[in-house]
Amino acid sequence: MSYILGIETSCDETAASVTENGRTVLSNVVYSQIPLHTLYGGVVPEIASRKHIDKIIYVIDSALKEAAITAQELDAVAVTYNPGLVGALLVGVSVAKAYAYAIDKPLVPVNHIQGHIAANYIAYPNLEPPFVSLVASGGHSHILHIKDYRSFDVLGATTDDAAGEAFDKAARVLGLGYPGGPKLNKLAESGNPQAIKFPRPHKGYDFSFSGLKTAVINYVHTAQQKGEKINSADVAASFQQAVCDVLVNNTVSAAKKHGVDKIAIAGGVAANSLLRSQMESEATANGLEFYCPPINLCTDNAAMISCAGYFNYLAGIRGELDLNAVPQLSIGDVL
Ligand code: KG4
Ligand code: ZN
(Lines give C-alpha, C1' and ligand atoms only; values in the text may rest on other atoms or scores of the structure.)
(Ligands and ions follow the chains in the order given, each with its own letter.)
Protein backbone atom coordinates (compact mmCIF):
# COMPACT_ATOMS: atom_id res chain seq x y z
CA MET A 1 0.00 0.00 0.00
CA SER A 2 1.26 3.48 -0.85
CA TYR A 3 -0.29 6.46 0.85
CA ILE A 4 0.48 9.79 -0.78
CA LEU A 5 -0.38 13.17 0.69
CA GLY A 6 -1.17 15.59 -2.18
CA ILE A 7 -1.00 19.37 -1.77
CA GLU A 8 -2.43 21.88 -4.27
CA THR A 9 -2.23 25.68 -4.02
CA SER A 10 -1.59 26.80 -7.62
CA CYS A 11 -4.54 29.23 -7.87
CA ASP A 12 -7.48 29.94 -5.58
CA GLU A 13 -8.13 26.52 -4.01
CA THR A 14 -6.22 25.44 -0.90
CA ALA A 15 -6.37 21.65 -1.10
CA ALA A 16 -4.95 18.48 0.43
CA SER A 17 -5.77 14.82 -0.12
CA VAL A 18 -4.60 11.34 0.79
CA THR A 19 -4.90 8.59 -1.82
CA GLU A 20 -4.12 4.88 -1.63
CA ASN A 21 -2.15 3.39 -4.52
CA GLY A 22 -3.00 6.43 -6.64
CA ARG A 23 -6.55 5.26 -7.42
CA THR A 24 -8.51 5.31 -4.17
CA VAL A 25 -9.32 8.65 -2.56
CA LEU A 26 -9.24 8.45 1.24
CA SER A 27 -9.81 12.19 1.68
CA ASN A 28 -10.12 15.22 -0.59
CA VAL A 29 -10.30 18.51 1.30
CA VAL A 30 -10.74 21.73 -0.69
CA TYR A 31 -10.96 25.17 0.85
CA SER A 32 -12.26 27.37 -1.98
CA GLN A 33 -11.34 31.04 -1.92
CA ILE A 34 -13.93 31.87 -4.60
CA PRO A 35 -16.21 33.99 -2.34
CA LEU A 36 -13.19 36.12 -1.43
CA HIS A 37 -12.13 36.82 -5.02
CA THR A 38 -15.72 37.33 -6.24
CA LEU A 39 -15.58 40.78 -4.64
CA TYR A 40 -12.87 41.77 -7.15
CA GLY A 41 -14.25 40.01 -10.25
CA GLY A 42 -11.26 37.65 -10.51
CA VAL A 43 -8.39 36.04 -8.60
CA VAL A 44 -6.18 38.58 -6.79
CA PRO A 45 -2.78 36.81 -6.55
CA GLU A 46 -1.63 38.49 -3.33
CA ILE A 47 -4.87 37.66 -1.55
CA ALA A 48 -4.70 34.07 -2.83
CA SER A 49 -1.18 33.60 -1.41
CA ARG A 50 -2.10 35.03 1.97
CA LYS A 51 -5.24 32.90 2.25
CA HIS A 52 -3.27 29.75 1.33
CA ILE A 53 -0.93 30.53 4.25
CA ASP A 54 -3.92 30.91 6.59
CA LYS A 55 -5.58 27.65 5.56
CA ILE A 56 -2.97 25.16 4.39
CA ILE A 57 -2.09 23.58 7.76
CA TYR A 58 -5.74 23.23 8.70
CA VAL A 59 -6.53 21.68 5.29
CA ILE A 60 -3.64 19.16 5.54
CA ASP A 61 -4.61 18.19 9.09
CA SER A 62 -8.22 17.68 7.96
CA ALA A 63 -7.11 15.52 5.00
CA LEU A 64 -5.06 13.22 7.27
CA LYS A 65 -7.82 13.04 9.87
CA GLU A 66 -10.51 12.23 7.30
CA ALA A 67 -8.30 9.56 5.75
CA ALA A 68 -7.53 8.16 9.24
CA ILE A 69 -3.83 8.09 8.31
CA THR A 70 -1.03 9.37 10.51
CA ALA A 71 1.81 11.45 9.06
CA GLN A 72 4.20 8.54 9.76
CA GLU A 73 2.08 6.18 7.65
CA LEU A 74 2.50 8.37 4.55
CA ASP A 75 4.90 7.15 1.86
CA ALA A 76 5.46 10.51 0.19
CA VAL A 77 4.33 14.13 -0.02
CA ALA A 78 3.33 15.26 -3.53
CA VAL A 79 2.92 18.92 -4.39
CA THR A 80 1.97 21.04 -7.40
CA TYR A 81 5.07 23.04 -8.30
CA ASN A 82 4.02 24.26 -11.79
CA PRO A 83 2.26 25.97 -13.54
CA GLY A 84 0.29 28.56 -11.57
CA LEU A 85 0.50 31.82 -9.65
CA VAL A 86 4.03 31.93 -8.28
CA GLY A 87 3.17 33.24 -4.82
CA ALA A 88 0.32 30.74 -4.47
CA LEU A 89 2.47 27.81 -5.65
CA LEU A 90 5.23 28.82 -3.23
CA VAL A 91 2.96 28.28 -0.23
CA GLY A 92 2.25 24.65 -1.19
CA VAL A 93 5.85 23.96 -2.19
CA SER A 94 7.26 25.43 1.06
CA VAL A 95 4.80 23.55 3.26
CA ALA A 96 5.35 20.27 1.35
CA LYS A 97 9.13 20.59 1.72
CA ALA A 98 8.87 21.24 5.46
CA TYR A 99 6.36 18.41 5.91
CA ALA A 100 8.36 15.85 3.92
CA TYR A 101 11.55 16.83 5.78
CA ALA A 102 9.84 16.62 9.18
CA ILE A 103 8.44 13.12 8.56
CA ASP A 104 11.54 12.03 6.64
CA LYS A 105 9.61 10.91 3.54
CA PRO A 106 10.20 11.68 -0.14
CA LEU A 107 8.99 14.93 -1.68
CA VAL A 108 7.43 14.43 -5.14
CA PRO A 109 6.91 17.38 -7.52
CA VAL A 110 3.78 17.33 -9.70
CA ASN A 111 2.83 19.31 -12.78
CA HIS A 112 -0.72 20.68 -12.39
CA ILE A 113 -1.75 19.64 -15.93
CA GLN A 114 -0.54 16.10 -15.27
CA GLY A 115 -2.70 16.26 -12.14
CA HIS A 116 -5.83 17.21 -14.10
CA ILE A 117 -5.34 14.23 -16.42
CA ALA A 118 -4.86 11.92 -13.41
CA ALA A 119 -8.38 12.75 -12.19
CA ASN A 120 -9.48 10.21 -14.82
CA TYR A 121 -7.44 7.42 -13.16
CA ILE A 122 -9.35 8.04 -9.94
CA ALA A 123 -12.74 8.11 -11.66
CA TYR A 124 -11.94 4.98 -13.72
CA PRO A 125 -9.73 2.59 -11.71
CA ASN A 126 -9.19 0.38 -14.79
CA LEU A 127 -8.27 3.18 -17.20
CA GLU A 128 -4.78 2.84 -18.60
CA PRO A 129 -2.91 4.80 -21.27
CA PRO A 130 -2.78 5.22 -24.21
CA PHE A 131 -5.60 7.71 -24.72
CA VAL A 132 -6.14 11.24 -25.99
CA SER A 133 -7.10 13.84 -23.39
CA LEU A 134 -8.43 17.34 -23.69
CA VAL A 135 -7.21 19.43 -20.75
CA ALA A 136 -9.08 22.73 -20.60
CA SER A 137 -8.71 24.98 -17.57
CA GLY A 138 -8.55 28.65 -16.67
CA GLY A 139 -4.93 28.98 -17.69
CA HIS A 140 -4.28 26.28 -20.31
CA SER A 141 -5.98 24.29 -23.05
CA HIS A 142 -4.29 21.29 -24.64
CA ILE A 143 -5.07 18.16 -26.60
CA LEU A 144 -2.58 15.57 -25.42
CA HIS A 145 -1.65 12.07 -26.51
CA ILE A 146 -1.17 10.26 -23.19
CA LYS A 147 1.26 7.54 -24.23
CA ASP A 148 2.01 6.33 -20.73
CA TYR A 149 1.35 7.53 -17.15
CA ARG A 150 4.21 9.97 -17.47
CA SER A 151 4.70 10.32 -21.21
CA PHE A 152 2.72 12.92 -23.14
CA ASP A 153 2.77 14.43 -26.64
CA VAL A 154 1.07 17.76 -27.29
CA LEU A 155 -1.18 17.32 -30.36
CA GLY A 156 -2.94 20.68 -30.19
CA ALA A 157 -3.16 23.75 -27.98
CA THR A 158 -4.70 27.17 -27.77
CA THR A 159 -2.67 29.83 -29.54
CA ASP A 160 -3.96 32.56 -27.21
CA ASP A 161 -6.67 32.50 -24.52
CA ALA A 162 -7.40 29.29 -22.61
CA ALA A 163 -10.97 27.96 -22.84
CA GLY A 164 -11.73 28.81 -19.19
CA GLU A 165 -10.35 32.31 -19.63
CA ALA A 166 -12.68 32.80 -22.63
CA PHE A 167 -15.65 31.56 -20.56
CA ASP A 168 -14.72 33.93 -17.72
CA LYS A 169 -14.35 36.96 -20.04
CA ALA A 170 -17.57 36.26 -21.96
CA ALA A 171 -19.36 35.88 -18.62
CA ARG A 172 -17.94 39.17 -17.41
CA VAL A 173 -19.22 41.11 -20.44
CA LEU A 174 -22.64 39.54 -19.83
CA GLY A 175 -22.46 40.85 -16.24
CA LEU A 176 -22.48 37.37 -14.70
CA GLY A 177 -19.55 37.94 -12.33
CA TYR A 178 -16.79 35.59 -11.16
CA PRO A 179 -16.32 32.67 -11.61
CA GLY A 180 -17.82 33.03 -15.04
CA GLY A 181 -17.64 29.49 -16.44
CA PRO A 182 -20.27 27.80 -14.26
CA LYS A 183 -22.55 30.87 -14.36
CA LEU A 184 -22.43 31.10 -18.17
CA ASN A 185 -23.02 27.34 -18.36
CA LYS A 186 -26.20 27.75 -16.28
CA LEU A 187 -27.48 30.73 -18.27
CA ALA A 188 -26.83 28.92 -21.58
CA GLU A 189 -29.32 26.21 -20.58
CA SER A 190 -32.19 28.59 -21.39
CA GLY A 191 -30.66 30.03 -24.59
CA ASN A 192 -30.62 29.08 -28.26
CA PRO A 193 -27.14 27.86 -29.31
CA GLN A 194 -27.91 28.63 -32.98
CA ALA A 195 -29.08 32.22 -32.35
CA ILE A 196 -25.76 33.97 -33.10
CA LYS A 197 -23.04 32.77 -35.50
CA PHE A 198 -19.80 33.20 -33.55
CA PRO A 199 -16.44 32.24 -35.16
CA ARG A 200 -14.80 28.85 -34.56
CA PRO A 201 -11.12 29.49 -35.37
CA HIS A 202 -8.74 26.54 -35.48
CA LYS A 203 -5.80 25.33 -37.50
CA GLY A 204 -4.87 21.66 -37.48
CA TYR A 205 -5.53 20.61 -33.88
CA ASP A 206 -4.61 24.07 -32.56
CA PHE A 207 -7.34 26.52 -31.73
CA SER A 208 -7.81 30.16 -30.77
CA PHE A 209 -10.37 31.75 -28.46
CA SER A 210 -9.22 35.36 -28.53
CA GLY A 211 -11.23 36.22 -31.68
CA LEU A 212 -14.31 34.46 -30.31
CA LYS A 213 -14.03 36.38 -27.03
CA THR A 214 -13.72 39.66 -28.96
CA ALA A 215 -16.73 38.74 -31.13
CA VAL A 216 -18.86 38.29 -27.99
CA ILE A 217 -17.61 41.57 -26.49
CA ASN A 218 -18.29 43.41 -29.78
CA TYR A 219 -21.75 41.88 -30.09
CA VAL A 220 -22.71 43.04 -26.59
CA HIS A 221 -21.11 46.50 -26.88
CA THR A 222 -22.62 47.19 -30.31
CA ALA A 223 -26.09 46.35 -28.99
CA GLN A 224 -25.51 48.58 -25.95
CA GLN A 225 -24.40 51.49 -28.14
CA LYS A 226 -27.50 51.14 -30.29
CA GLY A 227 -29.65 50.91 -27.18
CA GLU A 228 -30.82 47.45 -28.25
CA LYS A 229 -31.67 44.78 -25.70
CA ILE A 230 -29.72 41.55 -26.04
CA ASN A 231 -30.87 38.07 -25.16
CA SER A 232 -28.07 37.11 -22.73
CA ALA A 233 -29.07 33.45 -22.66
CA ASP A 234 -28.78 33.26 -26.48
CA VAL A 235 -25.35 34.94 -26.38
CA ALA A 236 -24.21 32.51 -23.65
CA ALA A 237 -25.56 29.46 -25.47
CA SER A 238 -24.11 30.51 -28.86
CA PHE A 239 -20.70 31.27 -27.32
CA GLN A 240 -20.64 27.98 -25.41
CA GLN A 241 -21.61 26.07 -28.56
CA ALA A 242 -18.75 27.68 -30.52
CA VAL A 243 -16.18 26.74 -27.83
CA CYS A 244 -17.48 23.18 -27.55
CA ASP A 245 -17.62 22.64 -31.34
CA VAL A 246 -13.92 23.51 -31.64
CA LEU A 247 -12.80 21.50 -28.59
CA VAL A 248 -14.86 18.42 -29.47
CA ASN A 249 -14.07 18.34 -33.21
CA ASN A 250 -10.34 18.83 -32.66
CA THR A 251 -10.10 16.25 -29.87
CA VAL A 252 -12.05 13.58 -31.78
CA SER A 253 -10.07 14.21 -35.00
CA ALA A 254 -6.76 14.06 -33.09
CA ALA A 255 -7.71 10.74 -31.47
CA LYS A 256 -8.73 9.20 -34.80
CA LYS A 257 -5.60 10.45 -36.57
CA HIS A 258 -3.37 8.93 -33.86
CA GLY A 259 -5.17 5.59 -33.87
CA VAL A 260 -6.25 5.94 -30.23
CA ASP A 261 -9.60 4.45 -29.18
CA LYS A 262 -10.17 6.33 -25.90
CA ILE A 263 -10.89 10.01 -25.21
CA ALA A 264 -10.77 11.68 -21.79
CA ILE A 265 -11.50 15.23 -20.69
CA ALA A 266 -9.99 17.08 -17.73
CA GLY A 267 -9.62 20.53 -16.15
CA GLY A 268 -12.17 23.03 -14.87
CA VAL A 269 -13.87 23.45 -18.27
CA ALA A 270 -14.51 19.68 -18.31
CA ALA A 271 -17.19 20.53 -15.72
CA ASN A 272 -19.18 22.16 -18.56
CA SER A 273 -22.38 20.23 -19.21
CA LEU A 274 -22.39 20.80 -23.00
CA LEU A 275 -18.73 19.81 -23.37
CA ARG A 276 -19.36 16.61 -21.42
CA SER A 277 -22.44 15.59 -23.43
CA GLN A 278 -21.16 16.69 -26.85
CA MET A 279 -17.77 14.99 -26.37
CA GLU A 280 -19.51 11.82 -25.22
CA SER A 281 -21.88 11.67 -28.19
CA GLU A 282 -19.16 12.49 -30.76
CA ALA A 283 -16.79 9.95 -29.20
CA THR A 284 -19.48 7.27 -29.25
CA ALA A 285 -20.46 8.14 -32.85
CA ASN A 286 -16.83 7.63 -33.84
CA GLY A 287 -16.44 4.33 -31.97
CA LEU A 288 -14.27 5.83 -29.21
CA GLU A 289 -14.59 5.16 -25.48
CA PHE A 290 -15.27 8.28 -23.44
CA TYR A 291 -13.96 9.13 -19.95
CA CYS A 292 -14.75 12.13 -17.80
CA PRO A 293 -14.16 12.69 -14.08
CA PRO A 294 -16.97 13.84 -11.75
CA ILE A 295 -17.18 17.63 -11.51
CA ASN A 296 -15.39 17.88 -8.14
CA LEU A 297 -12.36 16.16 -9.70
CA CYS A 298 -12.42 18.41 -12.82
CA THR A 299 -11.96 21.68 -10.96
CA ASP A 300 -8.80 22.16 -8.88
CA ASN A 301 -8.37 19.61 -6.10
CA ALA A 302 -5.52 17.73 -4.40
CA ALA A 303 -6.72 14.15 -5.03
CA MET A 304 -5.62 14.53 -8.65
CA ILE A 305 -2.20 15.80 -7.45
CA SER A 306 -1.88 12.90 -5.04
CA CYS A 307 -2.75 10.44 -7.84
CA ALA A 308 -0.29 11.98 -10.33
CA GLY A 309 2.23 12.11 -7.46
CA TYR A 310 1.83 8.36 -6.98
CA PHE A 311 2.90 7.67 -10.58
CA ASN A 312 5.83 10.09 -10.24
CA TYR A 313 6.75 8.43 -6.92
CA LEU A 314 6.77 4.97 -8.54
CA ALA A 315 8.99 6.36 -11.32
CA GLY A 316 11.50 7.62 -8.74
CA ILE A 317 10.82 11.33 -9.34
CA ARG A 318 11.92 13.26 -6.25
CA GLY A 319 12.08 16.91 -5.28
CA GLU A 320 14.95 18.15 -3.17
CA LEU A 321 14.81 20.93 -0.59
CA ASP A 322 15.73 23.45 -3.28
CA LEU A 323 12.55 22.64 -5.26
CA ASN A 324 11.11 25.93 -6.49
CA ALA A 325 7.70 27.07 -7.70
CA VAL A 326 7.64 27.52 -11.48
CA PRO A 327 4.82 29.71 -12.82
CA GLN A 328 5.21 28.78 -16.50
CA LEU A 329 3.85 25.67 -18.11
CA SER A 330 6.38 23.13 -19.27
CA ILE A 331 4.56 19.90 -19.93
CA GLY A 332 7.82 17.98 -20.27
CA ASP A 333 9.30 18.96 -16.89
CA VAL A 334 8.60 16.07 -14.55
CA LEU A 335 6.38 14.14 -16.89
O1 KG4 B 1 -8.86 23.72 -13.59
P2 KG4 B 1 -9.45 24.90 -12.92
O3 KG4 B 1 -10.31 24.66 -11.69
O4 KG4 B 1 -8.34 25.92 -12.52
C5 KG4 B 1 -7.23 26.16 -13.36
O6 KG4 B 1 -6.31 25.29 -13.34
O7 KG4 B 1 -7.29 27.16 -14.10
O8 KG4 B 1 -10.29 25.67 -14.04
C9 KG4 B 1 -10.97 26.84 -13.74
C10 KG4 B 1 -11.66 27.30 -15.00
C11 KG4 B 1 -12.28 28.68 -14.86
O12 KG4 B 1 -11.96 29.46 -15.98
C13 KG4 B 1 -13.77 28.36 -14.77
O14 KG4 B 1 -14.59 29.41 -15.24
C15 KG4 B 1 -13.86 27.14 -15.67
O16 KG4 B 1 -12.72 26.39 -15.34
N17 KG4 B 1 -15.08 26.37 -15.41
C18 KG4 B 1 -16.07 26.20 -16.32
C19 KG4 B 1 -17.10 25.47 -15.67
N20 KG4 B 1 -16.69 25.21 -14.38
C21 KG4 B 1 -15.45 25.77 -14.24
N22 KG4 B 1 -16.17 26.60 -17.60
C23 KG4 B 1 -17.29 26.28 -18.26
N24 KG4 B 1 -18.32 25.61 -17.71
C25 KG4 B 1 -18.27 25.18 -16.43
N26 KG4 B 1 -19.31 24.50 -15.89
ZN1 ZN C 1 -6.45 23.54 -12.70
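In the largest cavity, α4 supplies the largest share of the lining, 4 residues. This is a predicted model, in which local features need pLDDT of at least 70 and side-chain atom pairs count only at pLDDT 80 or more, while totals for chains, interfaces and linings use all residues. Residues are numbered from 1 along each chain as its sequence is written, chains are lettered from A and ligands numbered from 1 in the order in which they are written, and side-chain values use heavy atoms, with hydrogens and water left out. Ligand 1 sits in the largest pocket.

**Cavity**

- The structure holds 1 cavity of 30 Å³ or more; a cavity is a set of points, on a 1 Å grid over the protein atoms alone, where a 1.4 Å probe fits but cannot get out.
- The space in the largest cavity is about 40 Å³, a volume being the space filled by probe spheres set on grid points that are joined across faces, edges and corners.
- Its lining consists of Gln 114, Ile 117, Ala 118, Tyr 121, Tyr 149, Phe 152, Ala 308 and Phe 311, where a lining residue has an atom within 4 Å of a point.
- By class, the cavity lining has 7 nonpolar residues, 1 polar and no charged. Ala, Val, Leu, Ile, Met, Phe, Trp, Tyr, Cys and Pro count as nonpolar, Asp, Glu, Lys and Arg as charged, and the others, Gly among them, as polar.

**Largest pocket**

- The largest pocket has a volume of about 1,200 Å³; a pocket is an open set of points with protein on both sides within 12 Å along at least five of seven lines.
- Its lining has 42 residues, and Cys 11, Gly 138, Gly 139, Asp 168 and Tyr 178 lie nearest the pocket centre.
- Two or more lining residues come from each of β3 (24-32), α4 (112-123), α5 (163-173) and α6 (180-188), with α5 giving the most, 6 residues.
- The pocket lining divides into 16 nonpolar, 19 polar and 7 charged residues.

**Ligand 1**

- A molecule sits in a pocket if more than half of its atoms lie within 2 Å of the pocket's grid points.
- There are 17 residues around ligand 1, of which His 116, Gly 138, Asp 168, Asn 185 and Gly 268 come nearest; a residue is near if one of its heavy atoms lies within 4 Å.
- The shell around ligand 1 has 4 nonpolar, 11 polar and 2 charged residues, and α4, α5 and α6 each supply at least two residues of that shell.
- A backbone N or O atom of Gly 138 is 2.8 Å from an oxygen atom of ligand 1.
- Asn 185 has a polar side-chain atom 3.0 Å from a nitrogen atom of ligand 1, and an N or O atom in the side chain of Asn 272 is also 3.0 Å from a ligand 1 nitrogen atom.
- The protein buries 88% of the 550 Å² that ligand 1 exposes when taken alone; accessible areas come from the Shrake-Rupley method with a 1.4 Å probe.

**Backbone**

- Most residues other than glycine have a negative phi, and most peptide bonds are trans.
- The peptide bond from Pro 129 to Pro 130 is cis, with omega near 5 degrees; Pro 130 is in the loop between α4 and β6 (131-136).
- Tyr 178 and Pro 179 are also joined by a cis peptide bond, with omega about -5 degrees, and Pro 179 lies in the loop between α5 and α6.
- Asn 21, in the loop between β2 (13-20) and β3, has a positive phi, near 50 degrees.

Key: A polar contact is a pair of N or O atoms within 3.5 Å; within protein, one must be able to donate a hydrogen and the other to accept it, and residues adjacent in sequence count only if both atoms are side-chain atoms.
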